[in-house]
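Work through the exercises below with the sequence and the 3D view open. Try each task before reading its solution.

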Amino acid sequence: MNKSAKRVMFFMIGCVFLLSGELLADGHFEFSLHYSRWTLNVVKGLVENMVSDALESDLKDRFIQKIQEQHPTFVESGYSQNVVFDAPGSNVGFEFRFYPGGRNGAFSLGLAVEQTTMKVSFPEVSANLQLTDVNSGQAASFQGLAHGQFVIKPLSFHLNMRWEILPSKVISPYFSIGAGISTSRSFLDASYEYAYNGTLTLPDSSTEQYSDSDSKTLRQIKDERLAEGKNFPLNFMPIIQLNFGLRARISRMLNLTFDAGIFNGFLFRGGLAVRI
């Protein structure tokens, strides 16, 4: 996170504490803890197709490059693959919330700190690459299995606005909208890894084994690009929030919240809030 963003965050937190006496007296102040499950599997079919298209170019190029080190006259004549996709994750956070309209006010403003784990994985990618020897015209084939994953654990700071539809009732639907920004360190600590192995069947029916693997962080990729004189577009992760949920009052001070929404993916969240 850059210095300007840090100043804004500390200023907002300072204002909350400076006003805490008045807020506590008027009952406009709330703090909460929440836990969420994060995923992209809600739209698994759509994401799987998009990921498959991106992987096809990358994996195929890696296979061909490796094979052509030993067989430079082999060129692609066909390619197909099947991708298994999974995107699980979790989130935990702490939030301060201010209700300017009082205890029964519908609108509130929240400031939250979130720790999220987002994992995009490919447990199994099976590939079938068809090759032709440009000199002899004979065919060869490569059967490969690959797997990989990308993991990012952003620590982020968020500002959001929430509107309750029936704020004076025991059960109140609500929706909220907000945005956040991760710290630079947690963003650049994101890592990816992949590995594959496969068998090349030559025109004479003999076979050769191939394998490769790699793992890097975004920080390493950034350093490599800068060393090559190239730009690295982002040093943090922006996060968009949009949630719909229910607030259930279990006492004058305690509320339970349940909601679902968008958080650079999808979140399903439960929380406990203390209102004074």
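**Exercise 1. Find the contacts of Asp-133, leaving aside its neighbours within four places in sequence.**

Solution. Take contact as heavy atoms within 4.5 Å. Asp-133 then touches Thr-73, Phe-74 and Gln-138. Helices (H or I, at least four residues) and strands (E, at least two) are DSSP runs, numbered from the N terminus. Last, look for a charged partner. Asp-133 is buried but has no salt bridge. Lys-60 is the nearest side chain of opposite charge, 19 Å away. For charge, Lys and Arg count as positive, Asp and Glu as negative; His and the chain ends are not counted.

A note on the model: it is predicted, so local features need pLDDT of at least 70, and side-chain atom pairs count only at pLDDT 80 or more, while totals for chains, interfaces and linings use all residues. Residues are numbered from 1 along each chain as its sequence is written, and side-chain values use heavy atoms, with hydrogens and water left out.

**Exercise 2. State how many salt bridges there are, then examine the pair Lys-60 and Glu-76.**

Solution. Apply the rule: a side-chain nitrogen of Lys or Arg within 4 Å of a carboxyl oxygen of Asp or Glu. The count is 10 salt bridges. In one of them, the side chains of Lys-60 and Glu-76 meet at 3.4 Å, N to O. This pair links distant parts of the chain, 16 residues apart. Lys-60 sits in helix α3 (residues 44-70), Glu-76 in strand β2 (residues 74-86). Now classify by relative accessible area: buried is under 20%, exposed over 50%, partly exposed in between (1.4 Å probe, protein chains only). Lys-60 is buried because its value is 15%. Glu-76, at 36%, is partly exposed.

**Exercise 3. Say where Ser-186 lies and whether it is buried or exposed.**

Solution. Locate it first: Ser-186 is in helix α4, residues 184-188. Its relative accessibility is 10%, so Ser-186 is buried. Then list its contacts, not counting residues up to four places away in sequence: Ile-152, Lys-153, Pro-154 and Leu-155.

**Exercise 4. Describe the surroundings of Thr-201.**

Solution. Thr-201 is in strand β8, residues 191-201. At 28%, Thr-201 is partly exposed. Beyond residues up to four places away in sequence, Thr-201 touches Ala-140, Ser-141, Ser-206 and Thr-207. Finally, check a span: Thr-201 and Ala-227 are 26 residues apart along the chain, and their C-alpha atoms are separated by 39 Å.
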